[in-house]
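Work through the exercises below with the sequence and the 3D view open. Try each task before reading its solution.

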Amino acid sequence: MSNAGTVHHLRAGGTSVVLATAGTALPQVLHWGPDLGDVDRHVLVDLVRVSEPPLVSGQLDVVVPLALLAEHSSGWMGTPGLTGHRAGTDFSTAFVVRSLEVQDPAPQDDVAARVRVEAADDVAGLRIGIVLELLPSGLLRMRASLRNEAPGVFDVGSLDLALPVPRSAAEVLDLTGRHLRERAVQRHELTLGTHLRESRRARGHDASLVLAAGVAGFGHRSGEVHAVHVAWSGNTRCYAERTNLGSSMLAGGELLLAGEVRLAEGETYTGPWVYASHGEGLDELAERFHRFLRARPEHPRSPRPVTLNVWEAVYFGHDLERLSELADVAAAIGVERYVLDDGWFASRRDDTSGLGDWYVSPDVWPQGLAPLVDHVHALGMQFGLWFEPEMVNPDSDLYRAHPDWILSAGGRVPVPARHQQVLDLANPAAYDHVRTRLLAVLAEHEIDYVKWDYNRDLVEPGHQPTGRAGAHEQTLAVYRLLEEVRAAHPGLEIESCAGGGGRADLGILARTDRVWASDCIDPLERQLIETGTRLLIPPELIGSHIGSPVSHATGRAHSLDFRAGTAFFSHLGIEWDVRTASPQERERLAEWVAAHKRHRRLLHTGTVVHADHQEPSLWVHGVVAPDRREAIFAVVQARTPVASPVGRVRLPGLADDLTYRVAPLPPGDVTTGRAGHGPAPWWDEPAVLTGRVLAAVGVQAPVLNPEQLVLLHLTTP
């Protein structure tokens, strides 16, 4: 760290953060972005001086800083970082810094540098603590805690932390979507005003995993870009803002419902971590998130087991003989984990009843689950089980006994979704019941894996009988329940599913082992869904399954190679009644599974890269080994191109001076295009090229039919 009086320079993982304080004002970030090197203290002092904007007519007579917590009292007329009031007063704060502690290096190995700020507003009777941490990956994160130190309740409206982005940031990218179409990228100009993204569902099919701002036209491999992510599994808000004074920022925090956080004297509200990344292109920005996740102690270290989930094979049609036969075929193909989905409990023969009654159905399973569990384990596979612990059907014994246990407001039942309501897990009795039943089922059987589902939005999430808003407490209760289940079963792995990819944030990933990216496993849709998801999450934490020949979600038919090649890079699974597959299909599927197993160490530890190819019908992505001596790329023909052939595709992310052998990778080497003499002249004989040539010039793409792909394997001598 360089320290020039009130300037602090933090460095790690290719990132510099320059933090400045003036007197007792809250600190502001002068630079967050590429590493500035070992900057002399005199340079830092002058950086503060040359960063001060001039005063212009029609504005205030003082320079208005953008602090980590923006305050109106400083003259900031944009969105304030803290909103709230004490019976209508203390709506505007003026925090005075009481202490600022810089730890560089930080005492923990997983944090490179840490800054702690304590500030108080004695008039408002509030104290705030802000923690800013620079992580070894170059990722920055920050969070704030607000304490009420005066008599009377302080109602918190919002608590958002902000970071500046350069004036060159001219374009915003965020993600939106819906069930079966998550993580859709949208881009537009960053103009004066506020681009606000809020999620009020307590899950996020339409929420933005990241909110990014960068130079116009930034891509995967080029263009300076910055982004924030709110690591919270409840309601969130993030926004990009540009003011008429030339300031631009990204900010985020929890979205609080009215009256949700009311602090009595001595009480504290702590907001979620807000993560921030930057890069020269989206790939570098995403890599910082991936490196952080992979460095965590809880990150899965064992090879990710090839998984078969029975949902699209049988739906609610549970039958021991049928499911055992499915397990036999799965094991023969090479599956390593078998998951029994919805329908094994109580009266759950469809989605209208039984949810909440976590007892094995004696009608469907007269001998219990043991025969299937034992059969799956005897085949050498792990056994997984589906739960939806936070929900209840009105047609259930639990609801009939305790209708007062659901989240509701105004003495009315919220609108139904999938015939279900939400259990109020902040109610101790409801929480204890769910926890007891989950642990009982897990204790009764040798369960290796839980698919933890969450299939509806939180509409009017109020605590009974008061009706007070409760999305915040519900989220904390879900976190606590996950932590208690894992503590009781340390070897258990948990998947986060929320009607597909509705809960895929870093808050839930601190307590689970993978996310289900979408209920849509149409491979063409998945190419886009997983590209958006990979902006935050590395491939090994993204469940991606090979579906049946005709997609259950879209009705489109795709070849087995396209379905398997799309799922190949992530945590591979199968969601298909493989009993109905032909012998040839089973053999081909086994080849794909075997190839994935051979290469999954590379796929699940390497750097994710995407080519910025100018032909919009052709997509190129891949994974490059940490030492850059090996790589696998997918060349995806999404639709028919206007011009054919499409020309050369560049293969980015390689070491410039290394020489690579480039060859098709079986089984992803089969092409069916309109070429008269093979897919490309070089296809049948490996090419030997340097990384610099491959990145700058590339190789001729093979001719492919639409909705097909091939894999390329790059190795060094």
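Two residues are in contact when they have heavy atoms within 4.5 Å. The model used here is predicted.

**Exercise 1.** List residues that L146 touches, not counting residues up to four places away in sequence. Then place L146 in its core.

Solution.
- Step 1: With those sequence neighbours left out, L146 touches L82, F95, L126, R127, I128, F154, V156, L159, L263, E267, T268 and Y269.
- Step 2: The largest nonpolar core has 178 residues, and L146 is among those that touch the most other members, together with Y338, L340, W344 and I574.
- Step 3: Another core, of 26 residues, lies apart from it; L654, A655, L704 and V710 are among its residues.

**Exercise 2.** Decide whether H545 is buried or exposed, and find the polar contacts of its side chain.

Solution.
- Step 1: H545 is found in strand β32, residues 542-547.
- Step 2: The relative accessible area of H545 is 4%. Buried means under 20%, so H545 is buried.
- Step 3: The side chain of H545 makes a polar contact of 3.1 Å with the side chain of R514, and one of 2.8 Å with the side chain of E575.
- Step 4: Beyond four places in sequence, the contacts of H545 also include N309, W516 and I574.

**Exercise 3.** Locate G606 and state whether G606 is buried or exposed.

Solution.
- Step 1: G606 lies in the loop between α12 (583-603) and β34 (607-610).
- Step 2: G606 counts as buried because its relative accessibility is 0%.
- Step 3: Leaving aside neighbours within four places in sequence, G606 is in contact with R294, V623, V624, A625 and P626.
- Step 4: The C-alpha atoms of G606 and S582 are separated by 34 Å, and the two residues are 24 residues apart along the chain.

Technical notes. Residues are numbered from 1 along each chain as its sequence is written. This is a predicted model: local features need pLDDT of at least 70, side-chain atom pairs count only at pLDDT 80 or more; totals for chains, interfaces and linings use all residues. Side-chain values use heavy atoms; hydrogens and water are left out. Helices (H or I, at least four residues) and strands (E, at least two) are DSSP runs, numbered from the N terminus. Buried means under 20% relative accessible area, exposed over 50%, partly exposed in between (1.4 Å probe, protein chains only). A polar contact is a pair of N or O atoms within 3.5 Å; within protein, one must be able to donate a hydrogen and the other to accept it, and residues adjacent in sequence count only if both atoms are side-chain atoms. A nonpolar core is a set of buried Ala, Val, Leu, Ile, Met, Phe, Trp, Tyr and Cys residues joined through side-chain atoms within 4.5 Å.
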